[in-house]
Amino acid sequence: MTYPGKHADVDPDRLAVVMARTGETLSYQELEDRSCRFAQMMWDAGLRPGDHMAIFADNHLRYFEAYWAAMRSGLYFTTVNRFLTAEEAAYIVEDCGAQVLVVSEAVRDVAVEMLPSIGNCPVRLMFDGVAEGYENFESLVNQYPPEPLDDQPKGSLMLYSSGTTGKPKGIKRALDGSKITDPDLIGSGLVGGIFGINDQSVYLSPAPLYHSAPLGFTTGTQSVGGTAVILEKFDPLEALEAIEQYGVTHSQWVPTMFTRMLKLTEEERNRCDLSTHKLAIHAAAPCPVEVKKQMLEWWGPILHEYYAGTELNGFCYVGPEDWISHPGTVGKPLIGSLRICDEDGVELPTGEAGLIYFEREEQTFEYHQAPDKTKSSQHPNNPLWTTLGDVGRVDDDGFLYLTDRKAFMIISGGVNIYPQEIEDCLILHPEVADVAVFGVPNEDFGEEVKAVVQPVEGVGADEQLAKRLSEYAKAHIAGYKVPRSIDFREELPRLPTGKLYKRLLRDEYWGVGGDAQGNVSPIEQITEA
């Protein structure tokens, strides 16, 4: 694994990135030159190793110029979810201490609105245009030479949790003093060793680049000399068309994308030639077993799954053969050792569900300027055991199965109910496009099960649909898990990364934050996986 300059020396015209819809490209030589120019500009602006830059943009070619400029300057690189409000985006820019902020034309209005709240960020640039408080990125950066800095210390990502269970937290790892030209053995192992991505690979990313997995795997593909194909926005048909058009060999998805593709008609699903597609990776959220089985029937045994967080405190992986023999598993640990513990931190026997901890030999991350949140992610008796707040169990063969987020567990009459199982059931109903399940107040039992459903287009959201869904659930899951009530929404607050912003829905029924008494669970201090 190396940086774009190495590949530019060998094959300067090879494509580093392609935007699927527009066909815009960057060659390795262009990526090398432009990232060098930006690095020179930031050095001239006074940024030094350990400083921070942030990007607030849609999927865009310039994303990669900015990333590699930071990586070759020893900077921390923070991405901001392009769908955030001005207040939310400004919080991240200020919290990370960005001295350079790059935005795109697509977020112009929000970028201008946040200006009064980002006074500590002196350098503000905009791709493809100018706006109040922002200089044009291309015009300014092109004034600098396309030469590498004299010293190229390796930078690092400092990404923020999605904030679906609380305020976003910056996930920070110490700079290790290496150079951009040094090998990255962990990254190389994940991208190349596990998933076989190399200089001949064409990697399709249908998700937003502000999320850790799309950014990490696309830049990882560039590190080994492959080509990254970027969907500007996920569309099930466009994704299939991109596989055919660009000869995609590798791809990465989230389960909601599988669900949307499976709801295409047979004619639509079989329209494109997918013969070049050799390996499809999925992660970010648990995949319903029946959904994955249907994808395996359609695409064949090419689905590879992993379980990890932006914290990278551990990493589980499962290939198609092992998953078929252990349906529902998210794999065995390749990084870190698994520990399953109860609320008091006591390890549980094999097969029992509890909070998932990964054990490492050293502390791998901290939450930026949030020591209490860092501590809350650690085992009460061992800081080298850390959790993302997920609940799961391990079988006799050592495979991990996710149960749900601890923060969303429903306790009804003293019985633990995990919404994921109910969501996995209802999403398979042909009239359901998306679903969220959570607990709502119940005077007698403390909580009861509520489902909020987004019907497929053209289906009426009425009492008859609620009755059909309730009867469907009764036929597939235990009676105490069946939703007591079902509400409907035109669209659920799901992030483009595939994560459901369930906290927003719960707040409507509980009041802002927490339980019926307004208490926020301590587990909500733990970051989203």
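How many bridges join strand E21 to E22, and do these strands run parallel or antiparallel? The legends below describe close-up views of a predicted model, and the first of them takes up this question.

**View 1. The hairpin of strands E21 and E22.** Strand E21 (residues 385–394) is joined to E22 by 5 bridges, and the two strands run antiparallel. Together E21 and E22 form a hairpin with 5 residues between them, and within the turn Gly 398 has a positive phi of about 90°. Across the pair, Val 391 stands opposite Asp 404 in E22. Strand E22 (residues 400–405) is mostly covered, with 6 of its 6 residues buried. In a regular strand, side chains alternate between the two faces of the sheet.

**View 2. The open sheet E9-E10-E20.** Here 3 strands form an open sheet in the order E9-E10-E20, with antiparallel pairing. Strand E9 (159–160) and strand E20 (366–367) stand at the edges and each has a single partner strand, so one side of each is left without a neighbour in the sheet. Strand E10 (residues 170–172) pairs with E20 in the antiparallel sense over 2 bridges, and Lys 172 stands opposite Glu 366 in E20.

View 3. In helix H4 (residues 86–96), the buried residues are Ala 86, Ala 89, Ala 90, Ile 92, Val 93, Asp 95 and Cys 96. Following H4 comes Gly 97, whose phi is positive, near 75°.

**View 4. The crossing of helices H2 and H3.** The axes of helix H2 (residues 28–44) and helix H3 (residues 62–71) come within 8 Å and cross at roughly 55°, which makes H2 oblique to H3. The crossing of H2 and H3 is right-handed. From H2 the contact draws on Leu 31, Arg 34, Ser 35, Phe 38, Ala 39 and Met 42, while H3 contributes Arg 62, Phe 64, Glu 65, Ala 66, Trp 68, Ala 69 and Ala 70. Sorted by class, the contact of H2 with H3 has 9 nonpolar, 1 polar and 3 charged residues.

**View 5. The crossing of helices H10 and H12.** Helix H10 (residues 255–262) and helix H12 (residues 289–299) have axes that come within 10 Å and cross at roughly 60°, which makes H10 oblique to H12. The crossing of H10 and H12 is left-handed. Phe 258, Thr 259, Met 261 and Leu 262 of H10 make the contact with Val 291, Gln 294, Met 295, Trp 298 and Trp 299 of H12. By class, the residues of the contact of H10 with H12 divide into 7 nonpolar, 2 polar and no charged.

**View 6. Helix H17 and the residues it buries.** In helix H17 (residues 502–510), Lys 502, Leu 505, Arg 506, Asp 507 and Trp 510 are buried. The buried residues of H17 pack against helix H15 (419–426), strand E25 (432–442) and strand E26 (446–455).

**View 7. Glu 471 in helix H16.** Glu 471 is found in helix H16 (residues 463–476) and is partly exposed, with a relative accessible area of 46%. Val 482 lies 11 residues from Glu 471 along the chain, and the C-alpha atoms of the two residues are separated by 8.9 Å.

Definitions and conventions. Residues numbered from 1 in each chain as written. Predicted model: local features only at pLDDT ≥ 70, side-chain atom pairs only at ≥ 80, totals over all residues. Heavy atoms only, no water. Axes fitted to C-alpha atoms, helices over the stretch in contact; angles between N-to-C directions. Helix = DSSP H or I, 4+ residues; strand = E, 2+ residues; numbered from the N terminus. Parallel < 35°, antiparallel > 145°, perpendicular 65-115°, else oblique. Left-handed = near helix turned anticlockwise from the far one by under 90°. Contact = heavy atoms within 4.5 Å. Nonpolar A, V, L, I, M, F, W, Y, C, P; charged D, E, K, R; others polar. Pairing = 2+ DSSP bridges. Buried < 20%, exposed > 50% of the residue type's maximum accessible area, 1.4 Å probe, protein only.
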